[in-house]
Each structure stands twice: as structure tokens, then as C-alpha cells.
Amino acid sequence: MQLIRVFLETMSSKKVLYLFLCAWFVNIVYAYFVLPSAPDDVQYFGPALGFLYKHQIGLYIGDELESMYASFPGVPFFNGLFLHIMTLLNFGINHYTYRLFHMMAIILLLLSTCYLTYLTCKRDGADYVRGCNIFLVLLAITPFVQMCWAVRPEVLGLLFITIGLIVYSYLNVRSKFASVQHILSAAFLGLSITVHPNFAIIAGILALSIVIIEIIERKFFTALSFGFVFIFPLLIVAAWYLGHYPDSTYELFNNIGRKSNSVPGSALIRLIKE
């Protein structure tokens, strides 16, 4: 019992929280300058360069820019916008700066998650410092700390979901602009799906839960507007794929089928079907 009490007191210290945040920041800076490029970096950063220079999501194959439809366009689009801002500020794109957008997303994800924990604990009357410290410790022993450095869509998708939840949680703090907060929350949840289809599950569950809550409270217009804004980014992605049909859908589903065949146990499932 004494050990548990000491542990809880340590996790409730703001100094420990600042120490953990500093440790994460140092780790991110170290990884930014030391870790080599990951195999997935080209797949997601290359199309961002295509969007930056040719306003087309694709990779150069020889002297021609070939459009890419195997992955959702969210990451190349937002990364391309960030690269455009970098060029306006005369920041060169090189071996180090090409991961700047991704590393900033990791930092924002950590800070936004801690802030969401603060809002949740404040609402429930719990100790937010302890919650943030436990979150940072648990995150440090998960595969996230090994896999997050590659330029992949997971970090950006989680960031969009976290921001969407923060905006929605703020309804309990400030309800003066409730309609705007509902729209922003739905927009960020919807944007998470544009970076990877897997986020349709968690974002869809969250959005459906919010819509049900609004319906129970008889806020039918709010529920309808929230649902429309949520699916609007997905409709844009669907229109983008349909605009390049049939090459786009063929490449997308071919990539999905190839990845599903590499999942452990897929051979057994295929054998059972046959």
C-alpha cells in the first residue's frame, strides 16, 4: 500500500509531468535528426511533392508524374499545403525538413491528448496531472514509440480525432458558440477519415454517438448538420476517386487486397472460404 501511495503521489506531480513532456520532446528532436528514412516515407511524402509542384497527388516515374490512388489523399494534401508554406518562408526541403510536418504532428498529438485529458478530468473532478502522466508512461511502452517516426497517416488521423473531441468537450466549458463548435468537431472527425480508411471505424463510432446524444436531447437540426459536416470530407474523397475512375478504384482496391493478404491468418481464412 505504501508503494502504491508513493506511485500515485509521484504521478500527481506537475514537475513529473513537465519532465515527461521534456523527455518526449528530446526524444522527438533526437529521432528527427538521427533516425534514417523509413520505407513508407516515399509512399506518403512523394505524392505531397507532386501536389506541391504539380497540384497532383502522384510520384515521378522517370520524367512523368504518375497519379497515386492506392492511399487516401489526406496526408499528401495537408503535407503539400505545409510544404507550400515552407517554400513561402524560404525553408528548403531536404533530408531533415521533409519530416517537419510529421514531427510537428507528433508534438501536437501529445499536447492535445494531454489537454483532452485535462478537460475530461476537470469535468469529472479528477486529477488531470495524474491522468496525463499515466498516459505518457503507457504511451512510451506501446509500439507507437517505435512506429510513429515514419511518415504515415496514423499520427495525423489521431490528431484530427483528438482535436475534434477537444472542440466537442469545450461545449461543457463554453457554449456561447455551440453551433460553430459542433461544426468544427464534426469537420475534424471527418478529416481523420481522409488520411486513412481505418479511421472510419473510430471516427464513425464517435460521430454516431454524438448524433445519438443530440437526437436524445431533441436537437434534430444539430444532429443533422453534425452528420452532414462529418461525411462531407469523405464525399470529397469519393468524388476524387470517381473523377479518376476506373484507374483510381482499381488501384485502391488492389492495394487493399494486397495488404489484407499479408495479414496473419489470411491464408487460413482463404482456405476456409475455398
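1. A crossing of two helices is left-handed if the near helix is turned anticlockwise from the far one by less than a right angle, and right-handed if it is turned clockwise. With that in mind, one can say that α5 passes α6 in a right-handed crossing, where helices (H or I, at least four residues) and strands (E, at least two) are DSSP runs numbered from the N terminus.

2. Please keep in mind that this is a predicted model, in which local features need pLDDT of at least 70 and side-chain atom pairs count only at pLDDT 80 or more, while totals for chains, interfaces and linings use all residues. Residues are numbered from 1 along each chain as its sequence is written, and side-chain values use heavy atoms, with hydrogens and water left out.

3. As an overview, the protein has 13 helices and two strands, and its C-alpha atoms fill a box of roughly 65 × 55 × 50 Å, taken along the principal axes. Of the 274 residues, 38% are buried (buried means under 20% relative accessible area, exposed over 50% and partly exposed in between, with a 1.4 Å probe and protein chains only). Among contacts (heavy atoms within 4.5 Å) between residues at least 6 apart in sequence, 71% join residues at least 24 apart.

4. Returning to the pair of the opening point, α5 (residues 100–124) and α6 (residues 128–140) pack at an angle of about 145°, with their axes 8 Å apart; the axes are lines fitted to C-alpha atoms over the stretch in contact, and angles run from 0 to 180 degrees between N-to-C directions. On the α5 side the contact uses L110, T113, C114, T117, Y118 and C121, which meet Y128, G131, C132, F135, L136 and L139 of α6. Sorted by class, this contact holds nine nonpolar, three polar and no charged residues (Ala, Val, Leu, Ile, Met, Phe, Trp, Tyr, Cys and Pro count as nonpolar, Asp, Glu, Lys and Arg as charged, and the others, Gly among them, as polar).

5. Helix α5 also packs against helix α8 (residues 153–169), and here the axes come within 9 Å and cross at roughly 30°. The two helices are therefore roughly parallel to each other, since angles under 35 degrees are counted that way, and their crossing is left-handed. Among the contacting residues are F101, L108, Y115 and L119 of α5 and V155, L158, T162 and S169 of α8.

6. By contrast, I141, in the loop between α6 and α7 (144–147), is exposed, with a relative accessible area of 67%. The C-alpha atoms of I141 and R130, eleven residues apart along the chain, are separated by 17 Å.

7. Finally, T194 sits in helix α9 (residues 178–195) and is buried, with a relative accessible area of 6%. The side chain of T194 reaches the backbone oxygen of L191 at 2.5 Å. Apart from neighbours within four places in sequence, T194 is in contact with F72, P73, G74, F78, P233 and V237.

Key: Parallel < 35°, antiparallel > 145°, perpendicular 65-115°, else oblique. Polar contact = N/O pair within 3.5 Å; in protein donor to acceptor, adjacent residues only side chain to side chain.
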